[in-house]
Amino acid sequence: MAKYIVENSGPLRGEVIISGSKNAVLPILAASILAGDACEISDVPNLLDVDVMCKLLRSLGASVEEDYENEIVNVDTKDITTWEAPRDLVTRMRASILVMGPILARQGKVKVSLPGGCSIGLRPIDLHLKGFQSMGAEIEKGPDYVVARADKLKGAKVYLDFPSVGATENIMMAATLAEGVTVIENAAEEPEIVDLANFLNKMGAKVKGAGTNMIRIEGVPALKGTRHAVIPDRIEAGTFMVAAAITRGDLLLKNVVPDHVKSISAKLMECGAVVEDNEDGLRVRGDVNPLIATDIRTLPYPGFPTDMQSQFMALLTTVEGTSMVVETVFENRYMHIGELNRMGADIKIDGRSAVIVGQRPLMGAPVIATDLRAGAALVLAGFRAEGETEISEIYHIERGYSSFEKKLISIGAKIRRVED
Ligand code: UD1
């Protein structure tokens, strides 16, 4: 298995082009099932998770061409006849659950195993199932799978107890082919939901209100193929923004929507970093002011993203003062803390809160990437640590960052990927 060896790198400087969004392309690929036709998706990042979703579509009978050189995936879903998502693929990636709504809407039934992915809490799918049930589906739960059946889904009012991203997407996709109008209340408002709605509307769906907490979907009899370019990845952008700050460097990020990273920019500026949105891109400087502590609470969008919590925590170990982080979205997203502490950080956990003592001298150590964003946090900490940081299980990082070490090396980082 591959590892990263990271060394103290000094200030990172230069330009980085941000890739298409992982969390936008995955539901968009799943939604192509609804078209029963050919779709061309561009600005697709080269990621393990995208490849798993393509394999999943192929296993259902779709033809899929992945051209990562040109960042394009062509998918034709006309020959899909299967209603069962294979266990080995679904358990590899939690986002596989996103095929559930589209298969149910198109085939009238669907069977999926219970999904895998990052080990960051229970991550149940009750809200997805509640949505399908409200739309008339019968749900049968097995020990490690779930089946949903509905000859024809019917429009319904669905209230989500929590604005779950995946449940909003799954219900929105299923509702496009339902009879009548579906309204999702307390819907997630993430930019990836808006991108999915735009893709669905280009296919002929009638989705309104995406990006607000109430989404209205008027069902249509059929959808058709289309072309779509995926939005930039706001979490990849955020990770490089923190890379500029933690190394006290100066980075210009291209292909970023500044509005999508507002909460990240705001927190970096509270710490004393300079974030400028100019014509060339988003410039982040950690070399202007001394950086200081701040407090963070993760929240659904437009709040501070849980997917940036661990990277920020790495930064907060290096600034002046003591910070507090509260994780409210996932109940078990602190696995990186043990690893950061092994590198010399001083972070204490009390329930969902973590207290981070700043200005800790970090030292290289063998550490494990316990999940995707935790892995990114360890790479960032490694840039500040004395000596070598050896990060194992980096397949987690490769699930979500396109050409990560290449992009980092191009801005002066000392990182190499070695096969064990
Ligand atoms: C998506 C993102 C992930 C991000 C997360 C929160 C993708 C592919 N992944 O994951 O990177 O960290 O949003 O921004 O887009 N929940 C329930 N019942 C459900 C569904 C969710 O209780 O049926 C809970 C989860 O356990 C979790 C919280 O809701 O505590 C948020 O989950 P959700 O928004 O659904 O995240 P994902 O869509 O899985």
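Modeller: Contact means heavy atoms within 4.5 Å. By that definition, what covers the buried residues of α2 includes α1 (22-35), β4 (63-67), β5 (72-76) and α3 (87-90). The model is predicted, so local features need pLDDT of at least 70, side-chain atom pairs count only at pLDDT 80 or more, and totals for chains, interfaces and linings use all residues. Residues are numbered from 1 along each chain as its sequence is written, and side-chain values use heavy atoms, with hydrogens and water left out.

Biologist: What makes residues 48-59 a helix, and what span is expected of α2?

Modeller: Helices (H or I, at least four residues) and strands (E, at least two) are DSSP runs, numbered from the N terminus. Helix α2 has twelve residues. The expected span of a helix is 1.5 Å times one less than its number of residues. From first C-alpha to last, α2 reaches 16 Å, close to the 16 Å expected. After α2 comes Gly 61, with a positive phi near 115°.

Biologist: How do you know that Ile 246 is buried or exposed?

Modeller: Buried means under 20% relative accessible area, exposed over 50%, and partly exposed in between (1.4 Å probe, protein chains only). Ile 246 has a relative accessible area of 0%, and is therefore buried. This residue belongs to helix α8 (residues 234-246). Leaving aside residues up to four places away in sequence, Ile 246 touches Ala 314, Leu 315, Thr 318, Leu 380, Ala 381 and Arg 384.

Biologist: Why does Ser 392 count as buried?

Modeller: The relative accessibility of Ser 392 is 19%, so Ser 392 counts as buried. Ser 392 lies in strand β22 (residues 388-392), and its contacts include Lys 3 and Val 367.

Biologist: Why is helix α4 (residues 100-107) called largely enclosed?

Modeller: Six of its eight residues are buried, so α4 is largely enclosed by the rest of the structure. The buried residues are Met 100, Gly 101, Pro 102, Ile 103, Leu 104 and Ala 105. They pack against α1, β6 (109-113), α5 (126-134), β8 (145-149) and α6 (165-175). Just after α4, Gly 108 has a positive phi of about 85°.

Biologist: Why are α11 and α12 called roughly parallel?

Modeller: Axes are lines fitted to C-alpha atoms, for helices over the stretch in contact, and angles run from 0 to 180 degrees between N-to-C directions. Angles under 35 degrees count as roughly parallel, over 145 as roughly antiparallel, 65 to 115 as roughly perpendicular and the rest as oblique. The axes of α11 (residues 335-342) and α12 (residues 372-384) come within 10 Å and cross at roughly 20°. The two helices are therefore roughly parallel to each other. In this contact, His 336, Glu 339 and Leu 340 of α11 meet Ala 374, Ala 377, Leu 378 and Ala 381 of α12.

Biologist: What is the angle between α8 and α12, and how are these helices described?

Modeller: They pack at an angle of about 20°, with their axes 10 Å apart. That makes α8 roughly parallel to α12. Among the residues making the contact are Val 242 and Ile 246 of α8, and Leu 380 and Arg 384 of α12.
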